[in-house]
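Hi,

Here is the structure I promised to pass on. Have a look first, and my notes follow below.

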Amino acid sequence: MILVNTDYITGKELETLGLVRGSTIQSKNIVKDITQSFKTLVGGELKAYTEMMNEARALATKRMVSEAEQMGADAVVNIRYASAAVMQGAAEVIAYGTAVKFIEK
């Protein structure tokens with residue numbers, strides 16, 4: 001499966017299959033939330049939250065790819081990510097794009 005953030009793939013003619021998406025809502029445990037809130041007092045990277053968001057993006061991407069595979073796609077183009085806070089210490093991440101099939105010449 002080819003994944004790109006452009007609306008084309010060089011050298012390929014594409015047939016659009018439709019929108020595909022994957023999402024997840026992730027949170028850290030209460031201990032991590034407390035330690036990360038102390039970190040905000042002194043500044044610096046909140047590594048537990050960075051890790052959480054990386055895991056969330058990977059899972060959302062995996063779910064998007066799974067949906068594309070079910071449609072018979074060869075690739076997903078124009079991939080985008082969005083995130084939103086759902087509650088303190090929890091975030092939703094969504095990955096979305098256009099599933100396409102290669103047109104054989």
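Before the details, a word on terms: two strands pair if DSSP finds at least two bridges between them, and helices (H or I, at least four residues) and strands (E, at least two) are DSSP runs, numbered from the N terminus. This is a predicted model, so to speak of local features I need pLDDT of at least 70, side-chain atom pairs count only at pLDDT 80 or more, and totals for chains, interfaces and linings use all residues. Residues are numbered from 1 along each chain as its sequence is written, and side-chain values use heavy atoms, with hydrogens and water left out.

**The sheet**

Four strands form an open sheet in the order β1-β3-β4-β2, with mixed pairing. β1 and β2 stand at the edges with a single partner strand each, so one side of each has no neighbour in the sheet. Going across, β1 (residues 2–3) runs parallel to β3 (residues 75–87) over two bridges, with Ile2 opposite Ala75. Next, β3 pairs with β4 (residues 90–102) in the antiparallel sense over ten bridges, and Arg80 faces Tyr96 there. The hairpin of these two strands has two residues between them, and Gly89 takes a positive phi near 80°. Finally, β2 and β4 are antiparallel over 13 bridges; Ser27 has Ala90 in β4 as its bridge partner.

Helix α2 packs on this sheet and touches β1, β2, β3 and β4 (contact means heavy atoms within 4.5 Å). The direction of α2 makes about 145° with that of β2; axes are lines fitted to C-alpha atoms, for helices over the stretch in contact, and angles run from 0 to 180 degrees between N-to-C directions.

How many salt bridges does the structure hold? One, taking a side-chain nitrogen of Lys or Arg within 4 Å of a carboxyl oxygen of Asp or Glu. The partners are Glu67 and Arg21, at 3.6 Å from N to O. They sit 46 residues apart, Glu67 in α2 (residues 47–70) and Arg21 in β2 (residues 14–27). Both are partly exposed, Glu67 at 25% relative accessible area and Arg21 at 42% (buried is under 20%, exposed over 50%, partly exposed in between; 1.4 Å probe, protein chains only).

Thr24, also found in β2, is buried at 7% relative accessibility. Not counting residues up to four places away in sequence, Thr24 touches Ala56, Leu59, Ala60, Arg63, Ala91, Glu92 and Val93.

Cheers
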